[in-house]
Amino acid sequence: MTEERIDGSGGAGEAIELLRELIREGCVNDGTPSSGQEIRNVRVLQRFLADAIALGRIETQVLESAPGRASLVARVRGTDPDAPALGLLGHLDVVPVDPDGWTRNPFGGELIDGEVWGRGAVDMLYLTAAFACVLREVALAPRPPRGDLVLLAVADEEAGSDLGMHWLVREHPEAVRVTEALSESGGMRMGRHVAIEVAEKGSAGRRLVVRGKPGHASIPFGATSAAYRMGEVLQRLEAVMPAAQLGELWNAFVDARIDDSELAERLRDPVRLDAALPQLGGIAGYAHAVSRITISPTVVRAGAAHNVIPGSASIDLDIRTLPGTSDEEVDELIAAVLGPLADEVEIRRLRGWAATGSRSDTPLFAAIKRAIAEVADAPTVPIMAAGGSDARVLRELGIPAYGFGLLAPGWSYERYREGVHGNDERIDLTSIELSMAALRSIVSERIG
Ligand SMILES: [Zn+2]
């Protein structure tokens with residue numbers, strides 16, 4: 001990458017400026033319905049695309065699920081109805097910041113020493129900006145594409161997508177119709193490989209309810225505080241780790257990331273894996289998470305008044321499942337973890353979603369692999385994400401959806417994880433350039 005290309009034609013100059021504008025709007029989504037106000041970033045994108053819209057090359061729709069919670073759908077029509085309709089799925093919202101933890105203004109969009117700073121720079125405004133730039137290039141090209149290219153610039157990803165993708169596919173299925181899609185969570189380096197998300201874990205939250213015998217706290221004899229029962233349950237949850245369940249994506253991860261063949265062999269063995277985890281350094285948490293169902297107690301409740309022994313208590317569990325895990329299996333796993341305590345615990349199901357995955361033998365995934373080989377001279381490794389993204393909403397409809405991005409060498413998976421939602425979030429211009437180059441290649445192969 002030369003300096004000239006960074007600001008020159010064919011580079012990423014427009015994407016960089018657009019990214020800075022999107023950051024400055026600060027569409028912070030704190031989970032409350034009136035936060036986010038993504039309409040402001042919709043306006044930024046409308047201005048950016050205005051020339052192509054005026055020429056009739058892009059059809060746009062602004063779809064608002066609640067006041068200010070707007071998403072923009074921008075479609076370049078293809079000439080061949082049988083060609084793929086490629087979706088570029090980027091969210092417009094960002095998570096809140098802790099301003100004390102930042103050394104720069106998190107909403108300044110400053111460009112310092114070759115990096116754009118600000119909340120959302122990595123997650124995922126740099127991609128949303130790159131998607132919009134490539135859409136505009138395709139729209140203004142002398143010849144229209146074969147297939148549709150569709151920018152889905154959406155609200156509310158960071159708070160579960162009820163006011164974004166879930167609402168859009170339910171209320172406006174024709175507007176958001178695509179046959180395949182790229183979204184976030186890709187481009188991190190794993191060894192010499194570039195990681196691309198093809199699957200995401202599911203969520204199967206549970207509330208455990210335990211009961212005791214209430215009484216006045218001044219006369220505890222004869223009463224049984226539910227808080228004691230809760231403590232026993234928590235101790236079991238901490239002591240018992242669900243066993244590893246290894247699949248194809250696990251083996252691909254080990255092959256890509258672990259050079260030491262002896263360590264790799266232990267990691268492929270579900271019995272010896274756990275003892276090997278501490279040797280993995282910064283990637284151990286990811287390896288632990290994607291090799292099993294995880295259970296994390298998050299909210300514990302017992303008692304309402306200082307002088308009353310609580311008769312019941314509850315523990316909410318954040319449980320992340322693997323592809324194919326059923327609700328019954330989750331309940332059985334909890335019972336197994338609780339062991340002798342299981343009979344005393346009521347298990348209630350909280351809202352969740354199934355793990356999703358797209359196959360890695362589709363034409364779109366082949367195009368991603370070719371583009372990464374061409375632009376970064378690196379092989380691609382398909383990975384499972386521990387968390388969730390909007391890609392799953394499309395996968396649930398049977399539409400292949402992959403993470404995208406092509407970050408510069410040095411962007412390990414752990415650096416990416418720390419950058420996302422962390423302090424001093426920022427992205428280098430080389431990563432934006434690489435991502436743009438790979439995206440152009442994919443778009444031209446699939447619909448050009
Ligand atoms: Zn994101």
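## Salt bridges and the model

A salt bridge is a side-chain nitrogen of Lys or Arg within 4 Å of a carboxyl oxygen of Asp or Glu. Between domain 1 and domain 2 there are three salt bridges, and by this rule the count for the model comes to 39. Side chains of opposite charge can pair when their charged atoms come close.

This is a predicted model, in which local features need pLDDT of at least 70, side-chain atom pairs count only at pLDDT 80 or more, and totals for chains, interfaces and linings use all residues. Residues are numbered from 1 along each chain as its sequence is written, and side-chain values use heavy atoms, with hydrogens and water left out.

Let's start with the overall layout. Domain 1 covers 3-190 + 387-447 and domain 2 covers 200-353; such bounds come from an automatic or database domain assignment. Their C-alpha centres lie 34 Å apart. Eleven residues from domain 1 and eleven residues from domain 2 take part in the contact, where contact means heavy atoms within 4.5 Å.

The two domains bury about 1000 Å² between them, with 48% of that area given by carbon and sulfur atoms. Buried area here is the accessible area (1.4 Å probe) that two parts lose on being put together, summed over both. On the domain 1 side, Met190, Arg392 and Glu414 lose the most area to domain 2, together 53% of what that side buries.

Which salt bridge does Arg351 form? Its side chain meets that of Asp162, at 3.2 Å from N to O. Helix H14 (391-395) and helix H15 (413-419) are the elements that give two or more residues to the side of domain 1 that touches domain 2, and H14 gives the largest share, three residues. Helices (H or I, at least four residues) and strands (E, at least two) are DSSP runs, numbered from the N terminus.

Now look along the chain. Arg440 and Glu137 meet in a salt bridge at 2.8 Å, N to O. Arg440 sits in helix H16 (residues 429-447) and Glu137 in helix H5, 303 residues apart. Both are partly exposed: Arg440 has a relative accessible area of 24%, and Glu137 has 30%. Buried means under 20% relative accessible area, exposed over 50%, and partly exposed in between (1.4 Å probe, protein chains only).

Arg446 and Glu180 also form a salt bridge, at 2.8 Å from N to O. Arg446 lies in helix H16 and Glu180 in strand S7, so this pair ties together parts that are 266 residues apart in sequence. Arg446 is buried at 13%, and Glu180 is buried at 6%.

## Backbone details

Where is the cis peptide bond that involves Met124? It joins Asp123 and Met124, with omega about -20°, and Met124 lies in helix H5 (residues 121-140).

Asp156 is not a glycine, yet its phi is positive, about 65°. This residue is found in the loop between strand S6 (149-154) and helix H6 (165-171), and it is buried at 4% relative accessibility. Ser185 has a positive phi too, near 70°. Its place is in the loop between strand S7 (180-183) and strand S8 (186-190), where Ser185 is buried with a relative accessible area of 11%.
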